[in-house]
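Colleague: I would like to learn how to read the features of a protein model one at a time, with the general idea before the particular case. Could we go through this one together?

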Amino acid sequence: MSVPAELEYTKEHEWVSISDGIATVGITSFAAESLGDIVFVEPPESGTTVTAGEPCGEVESTKSVSDLYAPVNGEVVEVNADAVADPEVIGADPFGRGWLFKVEIAGEPSDLLTPEQYTQLTEGEG
């Protein structure tokens with residue numbers, strides 16, 4: 001399982017990359033592998049206000065439907081149309097082309113995990 005060191009993570013298996021007040025969000029490789037073949041994704045729409053720790057969308061696989069959780073507070077400013085059109089890219093490249101949405105952050109993010117903390121969390125679940 002890949003856990004890139006430059007990212008932060010949530011307990012719900014989202015990853016976050018923060019740059020200039022914008023958080024890019026996706027699901028981790030652990031989540032993608034657990035879900036299996038991803039067939040549908042419904043990220044929050046641009047302009048939507050999201051709250052950290054609250055559901056804001058869904059990822060559907062051949063096995064199950066899982067909620068997407070907002071890792072930060074803020075307004076969605078961009079959705080990855082490529083991932084919506086071709087959800088398989090999420091499983092194939094979760095930390096690259098499979099990103100899901102971007103949020104303009106309101107306030108300081110909290111409750112994000114370091115790569116080390118996330119690795120410990122997934123080892124306990126794996």
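This is a predicted model: local features need pLDDT of at least 70, side-chain atom pairs count only at pLDDT 80 or more; totals for chains, interfaces and linings use all residues.

Colleague: Where is Asp20 found, and what is its phi value?

Modeller: Helices (H or I, at least four residues) and strands (E, at least two) are DSSP runs numbered from the N terminus, and Asp20 is found in the loop between β2 and β3. Its phi is near 50°, which is a positive value in a residue other than glycine. Asp111, in the loop between β9 and α4, also has a positive phi, near 65°, and at 67% relative accessibility Asp111 counts as exposed.

Colleague: How should I read a nonpolar core, and which residues of the largest one touch the most other members?

Modeller: In soluble globular proteins, nonpolar side chains tend to be buried together. A nonpolar core is a set of buried Ala, Val, Leu, Ile, Met, Phe, Trp, Tyr and Cys residues joined through side-chain atoms within 4.5 Å. Here the largest core has 24 residues, and Ile27, Ile38, Leu68, Ile90, Leu100 and Phe101 touch the most other members. At least two residues of this core come from each of β3 (22-27), α1 (29-35), β4 (38-42), β6 (55-61), α3 (88-92) and β9 (101-105). There is also a second, separate core of seven residues, which includes Phe30, Trp99, Leu113 and Tyr118.

Colleague: Which residues are in contact with Ile90, leaving aside its neighbours within four places in sequence?

Modeller: Contact means heavy atoms within 4.5 Å, and with those neighbours left aside Ile90 is in contact with Ile27, Ala32, Ile38, Val41, Ala83, Gly98 and Leu100.

Colleague: How many aromatic pairs are there?

Modeller: A pair of aromatic rings is described by the distance of the centres and the angle of the planes. Rings of Phe, Tyr and Trp (its six-membered ring) pair if their centres lie within 6.5 Å, and planes under 30 degrees apart count as stacked, over 60 as edge-to-face and the rest as tilted. By this rule the count is two. Tyr9 and Tyr118 form a stacked pair, with 4.8 Å centre to centre and 15° between the planes. This pair links distant parts of the chain, with Tyr9 in strand β1 (residues 8-9) and Tyr118 in helix α4 (residues 115-125), 109 residues apart. Tyr9 is buried at a relative accessible area of 0%, and Tyr118 is likewise buried at 0%. In the pair of Trp15 and Phe95, the ring centres are 6.1 Å apart and the planes are at 45°, so the pair is tilted. Trp15 is in strand β2 (residues 14-19) and Phe95 is in the loop between α3 and β9, 80 residues apart.

Colleague: Which residues of α4 are buried?

Modeller: An α-helix has 3.6 residues a turn, so residues three or four places apart point the same way. In α4 the buried residues are Pro115, Tyr118 and Thr122. Seen down the axis, they fall within an arc of 60°, so they line one face of the helix; the arc is that of the directions from the helix axis to the C-beta atoms. These buried residues pack against β1 and α1, whereas Glu116, Gln120, Glu123 and Gly124, on the other side of α4, are exposed.

Colleague: Which residue does UniProt list for "modified residue: N6-lipoyllysine"?

Modeller: The unreviewed UniProt entry lists Lys63; such positions are given in the numbering used here, feature names are shortened, and annotations may be inferred rather than shown by experiment. Lys63 is placed in the loop between β6 and β7 (65-69), and counts as exposed at 60% relative accessibility. Leaving aside neighbours within four places in sequence, Lys63 is in contact with Glu33, Ser34, Leu35 and Gly36. The UniProt annotation "domain: Lipoyl-binding", also from an unreviewed entry, covers residues 22-104.

Notes: Residues are numbered from 1 along each chain as its sequence is written. Side-chain values use heavy atoms; hydrogens and water are left out. Buried means under 20% relative accessible area, exposed over 50%, partly exposed in between (1.4 Å probe, protein chains only).
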